[in-house]
Amino acid sequence: MILGARWLSDELHWPASYEGTDESAEMAAITGGAALAEVGPFDELLLRGPGALDVLGSLATDPRAAMPGRVVAVALGGERWATWILERDEILLLSPSGGSILTTRGEDLVADQTSVLEMSGARTALRLVGPHAPRILVEVCPDDTTPATMQQGTVIQAPLAGVRALIAREDCLGSPGYTILIARDEAAYTWESLRAIGTFHGLIPVGPTAVAAEDGA
Amino acid sequence: MAERRLPEPAGSELRRDERIEFSFDGRRQVGFGGDTLASALTAQGVDVLSRSFKYHRPRGVLCATGGCPNCLVEVNSEPNVRACVTPITPGAVVRSQNAWPTLNRDVLSLTDRFDRFLPIGFYYKTFIRPRRLWPLYEAVLRRIAGLGRVDLKSRPDLHPRKRHLHADVVVVGGGRAGCLAALEAASLGSSVIIVDDGMNLGGELRTRRRIVEGDPRIAGRPGTEAAVILAGLVSAEPRIEHLGGGTAIGIYDGGLVAVAQGATFVRIRTTKVVLATGAAERPALFEANDRPGIMLASAVLRLAHLHGVRAGQRAVVVTDDDHGWRQAAELVAVGLQVAAIVDSRTEGPEGLIVEALRAADVEEIRGARVLGSQGRHRVTGLRVRTSIGTERTLATDLVVMAFRPEPVVTLAAQAGLTLAFERSIAEWIPRQGQADVIVVGRMTGLVDDSLITAGASLAGRLANGTAGHDSDVDIHQTEVAAAFAALPDRQPTAIQRGHKQFVCFCEDVTAGELAQGVREGFESLETLKRYSTVTMGPCQGKQCQGNAAQVTAAARGVSRQTTGLTTSRPPVQPVPLAVIAGPHLNPIRRTALHDRHESAGATWMDMGDWKRPLDYGDTNAEVRAVHDSVGLIDVSTLGKLDVRGRDAGEFLDWLHPSRFSDLRVGRIRYRAMTDDAGIILDDGTVARLGDDRYLVTTGTGSLDAVDQWLRWWLAASDRRVDVTNVTARFAAMNLAGPRARDVLAQLTTADVSAEGLRYLDAREFAVAGVPVVILRIGFVGELAYELHTPADRAAHLWDALVRAGAEYGIRLFGVEAQRVLRLEKQHAIIGQDTDALSDPLGAAMSWLIKSDRPDFIGKDALAELKARGLRDVLAGFEMVGTAVPAEGAAIVREGRPIGRVTSSKWSPTLGKAIGLAWLPAADAVDERHITVRMGKGREGATAQAIVRTTPFYDPDGVRVRS
């Protein structure tokens with residue numbers, strides 16, 4: 001609210017855009033500067049256990065890509081889920097929030113050597129996008145997140161502004177982009193930290209509209 | 001201002017049309033664009049820039065490269081700024097350090113006259129008796145000694161940044177060798193980063209008019225021109241990036257080079273590092289070798305060439321090597337008057353250089369020893385003993401020390417390269433042999449232009465990995481060996497007897513003190529370093545290591561080769577910790593109900609990273625509401641772990657003195673976790689939500705430790721258990737008070753009656769339409785329900801509870817009320833009422849130890865503790881009067897502490913001050929009177945209290961079970 005967020009609707013208090021920016025400014029930031037958006041909410045399932053990678057491999061559209069540190073897509077319950085393979089035995093599945101048959105979807109994954117835990121709502125997802133996004137990220141993350149090291153489709157677990165984060169490189173519109181998951185209770189702080197550091201790099205907050213345009217690429 | 005300025009072309013970095021004003025110790029000063037603080041002040045006639053660490057001796061520019069402590073000043077409240085490498089900025093407020101009341105009239109310089117009371121290691125010998133006076137001594141010594149003071153009220157205008165860079169090759173040092181190596185590697189296709197602490201490339205060439213030989217691109221040119229050519233070539237090469245003003249502070253495994261570039265910390269990943277860190281002159285040893293106006297030749301030339309500053313009117317050059325004659329010729333060439341050159345050798349160079357000096361009327365004094373300097377705030381004369389034994393005093397205001405430069409090997413040594421002693425130059429040089437770190441240039445001990453440039457090009461090819469280079473290496477190494485072999489073994493200058501010959505300018509350590517240290521048995525340079533603090537100051541040995549080794553060797557009667565060098569550790573150049581730490585980031589955690597608390601007027605408190613409501617304006621009213629009706633508190637900060645799997649119950653049994661595998665589904669049990677020594681780590685509850693599924697709650701601050709502890713034990717186990725931190729997923733709130741059931745019943749169809757939801761029951765059902773895990777537990781001593789709900793539904797549930805409770809006068813209560821309420825029940829808080837030595841037996845938790853079980857962590861230790869018998873126990877107390885003791889206050893007997901207060905509050909319910917305290921077991925008896933120290937110090941006021949071993953409120957737990 002401090003930034004003058006305009007909500008998507010009276011029912012859904014999700015920022016559509018922010019005061020002082022318009023669509024062209026948002027697109028300019030995404031393609032020429034840096035933009036920060038809160039995205040989601042996501043349904044989250046945490047797949048764990050020694051058999052997790054095998055279960056995932058059977059579902060992935062490209063099983064060869066299913067390896068630790070990668071983001072791959074899987075089809076589950078008739079929907080496309082983004083899958084962040086954190087470790088061989090720890091995999092996070094994300095889908096735009098629906099929640100109707102989430103438990104059923106999760107049960108599809110249960111096997112002898114796996115367990116599934118719903119984690120929806122535990123984390124907040126931010127998108128940091130734009131040519132200057134890597135510079136902002138390296139200022140707040142001690143791990144090497146430069147594009148040369150952290151390539152498209154990779155995911156890391158790293159401290160970000162002093163808090164634990166999951167960071168996936170997901171580029172859009174030719175610009176480097178990062179999806180950042182942090183604990184919900186640390187989201188406001190992380191947002192503020194990225195905004196503060198991003199000031200030096202021309203970062204502006206953008207809403208789902210701009211993010212949607214980006215995802216449409 | 002013009003008086004000490006040289007005409008152009010001197011001052012290549014100056015922008016003479018850009019006047020910049022700043023102040024030094026309150027006086028207005030003026031410089032030009034391109035000036036450093038030191039060059040501008042020197043040009044303005046300011047000779048004294050600082051006072052020395054221990055003796056408060058006046059100090060001026062010595063090295064002009066940021067390698068010594070002589071020009072440390074405070075700039076805009078930031079202490080220890082190196083004036084010689086810091087550009088002037090308009091309006092900068094510059095102050096001197098370590099002087100009182102003024103820099104030129106420093107009262108503390110009296111210490112210089114009482115140096116006999118401050119011998120080497122004086123803090124081990126003097127000022128140690130009587131022992132009770134040590135605090136006074138310490139305060140005075142700390143006041144006298146120092147390197148500036150941190151102004152805690154000001155925040156330096158520093159915005160630390162971070163960068164990550166990648167390159168095939170990193171070249172450290174932007175001098176001739178570094179540039180040529182970089183150009184060669186880049187020409188072969190490598191990406192290269194050159195790190196150099198100057199803003200302009202060229203290194204020593206920038207202060208040299210002598211003709212350069214070697215590489216055809218620069219051969220036949222004066223050094224200053226060659227530097228410009230090299231900088232141009234580098235600038236035109238797109239594969240090279242120049243990190244100007246960057247200091248490589250460490251080289252680490254995996255090809256990581258750490259660079260401090262101003263306020264930016266740069267991490268560079270590379271496959272090859274080329275070190276071209278050059279060579280540096282070192283100070284000469286003679287009496288009072290530290291007076292302002294006594295400088296290294298390289299410093300005088302930098303001031304002249306780069307900043308157009310004439311460091312003195314009448315220079316005397318002292319040397320023991322041909323290098324001194326070359327530097328003298330450079331001084332003459334740049335326009336300084338050189339009155340004499342004093343060479344300790346009887347034999348010296350002849351030829352063009354000597355002829356040039358003779359043409360400039362430079363007196364040659366060969367075979368002479370420098371005895372000492374004269375002057376007060378600046379050198380006015382130099383005493384020398386001539387070859388025929390007579391003593392002369394040379395009138396001079398600038399003594400130029402031009403001894404053969406030492407290879408700068410600290411970074412090479414830190415990187416792990418082996419150093420070898422080269423007899424012909426009597427110096428330590430890096431031995432090539434580590435494939436990914438290559439050394440080139442003057443740091444290899446070479447001075448020959450052709451060999452240096454050939455070696456640099458070869459290094460570029462090696463860094464690029466060009467095939468077929470083995471023969472090149474062999475040829476080059478043969479040539480280098482021949483060059484060293486052609487030199488006669490260099491004999492170090494003998495150490496003179498004399499007072500105040502400073503070896504370490506940082507810590508005011510003299511040659512005499514080091515010799516004394518050796519006589520006291522500190523023969524190893526490493527132990528002598530720790531005893532005397534030599535090499536431990538801001539220069540980190542760069543300025544003093546050579547002389548320290550030489551003095552030590554002389555005192556022991558051995559060679560420098562025997563004494564060796566001290567260990568080089570990163571950072572090789574002091575860096576503000578803020579630069580390494582990066583931006584100031586202080587994580588803050590907010591619960592899902594943060595906005596609700598804000599709206600309700602919460603007073604905030606920090607609990608670890610969390611923001612929690614301390615109260616909502618009236619703690620007593622909040623306590624009363626919980627006892628009389630109903631209250632609601634946000635407890636989302638509790639740690640929450642989902643523990644599930646076939647072996648989950650057995651795993652929890654292993655971790656705790658209590659048993660959980662026999663806990664029925666839907667029931668809760670209190671837990672306290674101990675380590676191998678039986679020490680309490682954490683407490684909370686375990687709720688069994690399914691056959692193989694448990695919800696474990698932890699303390700707010702102990703979640704990470706407990707999570708790690710569980711994972712650590714799982715890592716070495718084949719148990720089938722998954723532990724997931726679900727703290728952020730679930731918000732939690734506690735509805736407490738005799739009307740809590742009435743409130744809850746309005747929002748759910750589930751049976752929440754006393755029989756349907758008993759004390760220590762756990763259920764999952766919907767409340768206000770949202771899924772909730774509900775735990776019937778009572779930390780605050782009343783009927784209470786802990787509701788865990790998905791964080792994104794928390795606000796909805798909170799609002800519903802507040803609305804439903806309105807008719808009962810529901811109040812929000814904060815941490816302060818919660819602490820009062822739990823203290824009335826004598827519920828301990830782990831970490832506050834316990835410490836790293838507390839066990840469950842002493843903390844009145846022996847009831848939870850089920851020692852008849854199979855093994856669990858801490859079982860043996862707890863059995864031993866039990867057998868040993870209790871010494872101290874945690875017990876409640878109530879004050880006889882109304883005063884509330886401070887938490888941490890001592891429990892005393894006959895003036896001696898026998899225990900301590902861990903928690904204390906005023907209870908509005910009881911109308912008494914109550915608390916918990918650790919007491920000797922013999923005193924932890926009901927009705928026993930104890931004495932609590934209320935004031936500070938041994939003589940502080942005391943008050944009486946009475947021990948109570950049962951809860952102050954509802955001792956039978958009727959209300960909590962109702």
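Chain A of this predicted model folds into 6 helices and 13 strands. Local features need pLDDT of at least 70 and side-chain atom pairs pLDDT 80 or more, while totals for chains, interfaces and linings use all residues.

Of the 217 residues of chain A, 47% are buried (20 or more other C-beta atoms within 10 Å of the residue's own, with C-beta atoms placed from the backbone). Contacts require such C-beta atoms to lie within 7 Å. Among contacts in chain A with a separation of 6 or more, 62% join residues 24 or more positions apart.

The contact between the chains takes 27 residues from chain A and 26 residues from chain B. On the chain A side, β4 (42-48), β8 (115-118), α4 (133-140) and α5 (187-198) each give two or more residues. The largest share, 4 residues, comes from α5(A). This side holds 14 nonpolar, 6 polar and 7 charged residues. Nonpolar covers Ala, Val, Leu, Ile, Met, Phe, Trp, Tyr, Cys and Pro; charged covers Asp, Glu, Lys and Arg; the others, Gly among them, are polar.

In chain B, helix α22 (residues 794-805) has 12 residues. B:A794, B:L797, B:W798, B:L801, B:A804 and B:G805 are buried in α22(B). Seen down the axis, the buried residues of α22(B) fall within an arc of 135°, so they line one face of the helix. The arc is taken over directions from the helix axis to the C-beta atoms.

How values were computed. Residues numbered from 1 in each chain as written. Chains lettered and ligands numbered in written order. Contact = placed C-beta atoms within 7 Å. Buried ≥ 20, exposed ≤ 12 C-beta atoms within 10 Å, placed from the backbone. Expected span 1.5 Å × (residues − 1).
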